[in-house]
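Please keep the sequence and the structure in view while reading.

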Amino acid sequence: MYIKIMNNPIDILITEHELIDKLLRVLQDRLSTMKATREIDNQIIDITADCFETFINRVHHWKEENVLFTELYKKDLTDKHRGIIDKLSQEHVVGKKLVYKIVEAKHKYETGEKSGFDDMLEYLEKFIALYIPHLRFENTEFFPEALQYFNEEEIQHLDELFNQVESEAVIRNYSLILDGLETK
Ligand SMILES: [Fe+2]
Ligand SMILES: [Fe+2]
């Protein structure tokens, strides 16, 4: 059992997982409807793409990869934990690719390529199948074990670094949008 203190950064990640879990549940539900009706649910695809980019990728994964994993790498990690961090990072990359493929397949379908519809459903299924165990594993196995590497002061420091991610994510978000406009 990990140390329970105020602003425990692991609790912050677990709370963020609840939001991602909610997205996955709605997505699963809408996916079943899309399979039955053979009609694209634009709302859920747009929300998934936006939520992934602005929250999951730029805030949540950033906290895990650029704060938690980075701080863990400074420790004398066991091979098991090094392997887990590599696997989790790799799954983030796969998740990002799947979201890109979902949007791309939807676009294909809308521009006349009928196969785009089933491709989109397949990538959505893969996305859900990837994240449900990913979140569960982080919550129940990885996070409690990862926390054992840090003392109370270091945990407080992780929390401060997490807070920086929040504000920097907003700046990163608009920098990317405006950079995109400048090059057009
Ligand atoms: Fe993760
Ligand atoms: Fe996570």
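Axes are lines fitted to C-alpha atoms, for helices over the stretch in contact, and angles run from 0 to 180 degrees between N-to-C directions. The model is a predicted one, in which local features need pLDDT of at least 70 and side-chain atom pairs count only at pLDDT 80 or more, whereas totals for chains, interfaces and linings use all residues. Residues are numbered from 1 along each chain as its sequence is written, and chains are lettered from A and ligands numbered from 1 in the order in which they are written.

**Overall architecture**

- The chain contains five helices and zero strands, where helices (H or I, at least four residues) and strands (E, at least two) are DSSP runs numbered from the N terminus.
- Along the sequence the pattern reads α-α-α-α-α.
- The C-alpha trace spans about 55 × 40 × 30 Å along its principal axes.
- Of the 184 residues in the chain, 18% are buried; a residue is buried if 20 or more other C-beta atoms lie within 10 Å of its own, exposed if 12 or fewer, and partly exposed in between, with C-beta atoms placed from the backbone.
- Two residues are in contact if their C-beta atoms, placed from the backbone, lie within 7 Å.
- Among contacts between residues at least 6 apart in sequence, 78% join residues at least 24 apart.

**Helices H1 and H2**

- Helix H1 covers residues 9-37 and helix H2 residues 42-73; their axes come within 11 Å and cross at roughly 160°.
- That angle makes H1 roughly antiparallel to H2, since angles under 35 degrees count as roughly parallel, over 145 as roughly antiparallel, 65 to 115 as roughly perpendicular and the rest as oblique.
- The crossing of H1 and H2 is left-handed, a term used if the near helix is turned anticlockwise from the far one by less than a right angle, with right-handed used if clockwise.
- On the H1 side the contact is made by Leu13, Glu16, Ile20, Leu23, Val26, Leu27 and Arg30, which meet Ile44, Thr48, Cys51, Ile56, His60, Lys63 and Glu64 of H2.
- The residues of this contact of H1 with H2 comprise eight nonpolar, two polar and four charged; Ala, Val, Leu, Ile, Met, Phe, Trp, Tyr, Cys and Pro count as nonpolar, Asp, Glu, Lys and Arg as charged, and the others, Gly among them, as polar.

**Helices H1 and H4**

- H1 also packs with H4, at an angle of about 160° and with the axes 10 Å apart.
- H1 and H4 are therefore roughly antiparallel to each other.
- Their crossing is left-handed.
- H1 contributes residues including Ile10, Leu13, Ile14, His17 and Ile20 to this contact, and H4 contributes residues including Leu121, Leu124, Leu135, Glu138 and Asn139.
- By class, the contact of H1 with H4 divides into 16 nonpolar, three polar and four charged residues.
- His17 lies in helix H1 and is partly exposed, with 19 other C-beta atoms within 10 Å.
- Leaving aside residues up to four places away in sequence, His17 touches Leu135, Glu138 and Asn139.
- The C-alpha atoms of His17 and Glu104, 87 residues apart along the chain, are separated by 26 Å.

- Helix H3 (residues 79-110) has 32 residues and reaches 47 Å from its first C-alpha to its last, close to the 46 Å expected at 1.5 Å a residue; the expected span is 1.5 Å times one less than the number of residues.
- Buried residues of H3 are Ile84, Ile85, His92, Leu98, Val99, Ile102, Ala105 and Lys106.
- These buried residues pack against H2 and helix H4 (115-147).
- The axes of H3 and H4 come within 9 Å and cross at roughly 155°, which makes H3 roughly antiparallel to H4.
- H3 passes H4 in a left-handed crossing.
- The contact of H3 with H4 holds 16 nonpolar, four polar and eight charged residues.

**Loops and chain end**

- Most residues other than glycine have a negative phi.
- Arg38, although not a glycine, has a positive phi of about 60°.
- Arg38 sits in the loop between H1 and H2 and is exposed, with 9 other C-beta atoms within 10 Å.
- Just after H3, Gly112 takes a positive phi of about 105°.
- Thr183 lies in the segment after helix H5 (152-182) and counts as exposed, with 6 C-beta neighbours inside 10 Å.
- The C-alpha atoms of Thr183 and Asp118, 65 residues apart along the chain, are separated by 34 Å.
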